[in-house]
Every structure is written in C-alpha cells, then in structure tokens.
Amino acid sequence: LEPGLYRVRLAGSDGSLAAVDAKSPRLLWRGQATGEMPHFYASPLVLSDGAEETVYAANRNGALYALDTANGQERWRWQTPPSPDPNRLHFLERPPLPAGELLLQVSYDHHLYAIHRHTAHTRWRSPDLARRIYSRPAVVGDTVYVGPFRRELHAFRLADGAPRWSAPLALPDRLRGDVIAAGDRLALPLRQGRIAVVPVPS
C-alpha cells in the first residue's frame, strides 16, 4: 500500500465506511456497520505495521472496528461491555488515541478503555467517571489524562490503568473538547468556549 494513495472516508448518516482512491476518485471498498444507531461520527484512525495498514473506526453502536485498509476486511471488532444501568448510552463519538500497542477509547458509558490494537483485548478500564466522556484523552510519558463532562481531570497509569491521584484535579468548568498535551502543559477546552492551560500535574 503506497502512503497517500488512498483516502479513507466516513459517511455518518448511513453507517458506512469507505476507502476512495484520492487520485480518481474511485471507490475501492465499502463497509457497513450494523446494530442500533450504527453511525460513524468520529474520524477514522489509520496505523501502519510494516507493509500492513489498519483503519480503526469508532461507531455510535458502541463498537470499535479494525479493518484492513487494502480491502476493507474486518480484522476485529471490539464492543463496549453491557452496563447494569439499561438507560446508559454506549456511544463512541471520538476516535481512539494510539499509545504504543494500545488504543485509548472514551465512551458515553463513563469509562476510558485501553484496548490492544492487534488483539482487541481490553487491557484495562477506568473506574466509572460519573458522566459521559466527550473528550479524547492525552498521554504524557506513562500517564493518561482524561476528563468526563464534569469539572475535573483524572490521571491513570498507561500500563495498567492505576489511578495516579487520590482525587481528580478540579477545573473551572466542564471539560468538552479533547485534552491536548503541549510540552509540559495541558490545554483543556471547556464548555463555554474557554480553554484552561495547566502544568502537567505530577
């Protein structure tokens, strides 16, 4: 697969994921998600392992799909586990964040998941963070920073999900956008159009 030859596109209204030749444009393959509300809202993530490339696509049906970029064949499918609360949503609306062999996936079910990107095995799951998670996390060193739709930021050890702090870091407003790491600072987009910049907590 030649880098830059293909462009992967999401069609959120009908649950399809397609690969298009960027030069033609010619449809190369098309996949279809199934289940309840099978919509793709998040941009896909493409990662390379030597000669092979995989596209990872998070879906509103609670599934994370891994497809071969060459032909669209499904490598694996990961699904959010059922919740004791039947009314809790399991939407995946942010793309996974790659961190070595792991994919960090946030969910409306109040959890952050660390998923092995080759096997779809769940390495760890965060505790219930009490609100939906709209924001993609950030990784600095061996620590993952993530926040739910609350006025707080959490930190977990990347290797096993162990909490780094005894209590979350308080924020001036609810976290709404992706956490961004910039050197020794974290940029935190808040609900009412503000951005908080804080030193990377120790």
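Is Trp124 buried or exposed? In this predicted model, Trp124 is buried, with a relative accessible area of 5%.

A search of the whole structure identified eight aromatic pairs. One of them joins Phe91 and Tyr108 in a tilted arrangement, with 5.2 Å from centre to centre and an angle of 45° between the planes. This pair links distant parts of the chain, as Phe91 lies in the loop between strand E7 (74-79) and strand E8 (97-99), whereas Tyr108 lies in the loop between strand E9 (102-106) and strand E10 (112-116), 17 residues apart. Phe91 counts as buried at 10% relative accessibility, and Tyr108 is likewise buried, with a relative accessible area of 8%. Another tilted aromatic pair consists of Trp124 and Phe156, for which the centre-to-centre distance is 6.2 Å and the planes are 40° apart. Here too, distant parts of the chain are linked: Trp124 belongs to strand E11 (residues 122-125) and Phe156 to strand E14 (residues 152-157), 32 residues apart. Phe156 has a relative accessible area of 3% and is therefore buried, the limit being under 20%.

Phe91 and Tyr108 also belong to an aromatic cluster that includes Tyr134 and Phe149.

In soluble globular proteins, nonpolar side chains tend to be buried together. The largest nonpolar core of the model contains 14 residues, among which Leu104, Leu112, Trp124, Val144, Val146, Phe156 and Leu158 touch the most other members. At least two residues of this core are supplied by each of E8, E9, E10 and strand E13 (143-146). E9 provides the largest share, three residues. Both partners of the Trp124 and Phe156 pair are thus found among the core members with the most contacts.

Leu104 is located in strand E9 and counts as buried at 0% relative accessibility. When residues up to four places away in sequence are not counted, Leu104 touches Pro95, Pro96, Leu97, Ala99, Leu112, Tyr113, Ala114, Trp124, Pro137, Val139, Val144 and Leu158. The C-alpha atoms of Leu104 and His116 are 9.0 Å apart in space, with a separation of 12 residues in sequence. Leu158, again leaving aside neighbours within four places in sequence, is in contact with Ala99, Leu102, Leu104, Trp124, Val139, Asp142, Thr143 and Val144.

Strand E5 (residues 52-58) is largely enclosed by the rest of the structure, because five of its seven residues are buried. E5 pairs with strand E4 (residues 45-49) in the antiparallel sense over five bridges, and Leu47 has Thr54 of E5 as its bridge partner. The hairpin of E4 and E5 has two residues between the strands, and within this hairpin Gly50 takes a positive phi near 70°. E5 also pairs with strand E6 (residues 63-68), in the antiparallel sense and over five bridges. In that pairing, Thr54 has Asp68 of E6 as its bridge partner. Four residues separate E5 and E6 in their hairpin, where Gly62 in the turn has a positive phi of about 90°.

Five bridges connect strand E17 (residues 185-189) and E18 in the antiparallel sense, and Val198 in E18 is the bridge partner of Leu186.

Positive phi values also occur at residues other than glycine, including His110 and Ala130. For His110 the value is about 85°. His110 lies in the loop between E9 and E10, the loop that also contains Tyr108, and is buried, with a relative accessible area of 13%. For Ala130, phi is near 75°. Ala130 is found in the loop between E11 and strand E12 (138-140) and counts as partly exposed at 30% relative accessibility.

Terms used:
Residues numbered from 1 in each chain as written. Predicted model: local features only at pLDDT ≥ 70, side-chain atom pairs only at ≥ 80, totals over all residues. Heavy atoms only, no water. Phe/Tyr/Trp six-rings, centres within 6.5 Å; stacked < 30°, edge-to-face > 60°. Buried < 20%, exposed > 50% of the residue type's maximum accessible area, 1.4 Å probe, protein only. Core = buried A, V, L, I, M, F, W, Y, C linked by side-chain atoms within 4.5 Å. Contact = heavy atoms within 4.5 Å. Pairing = 2+ DSSP bridges.
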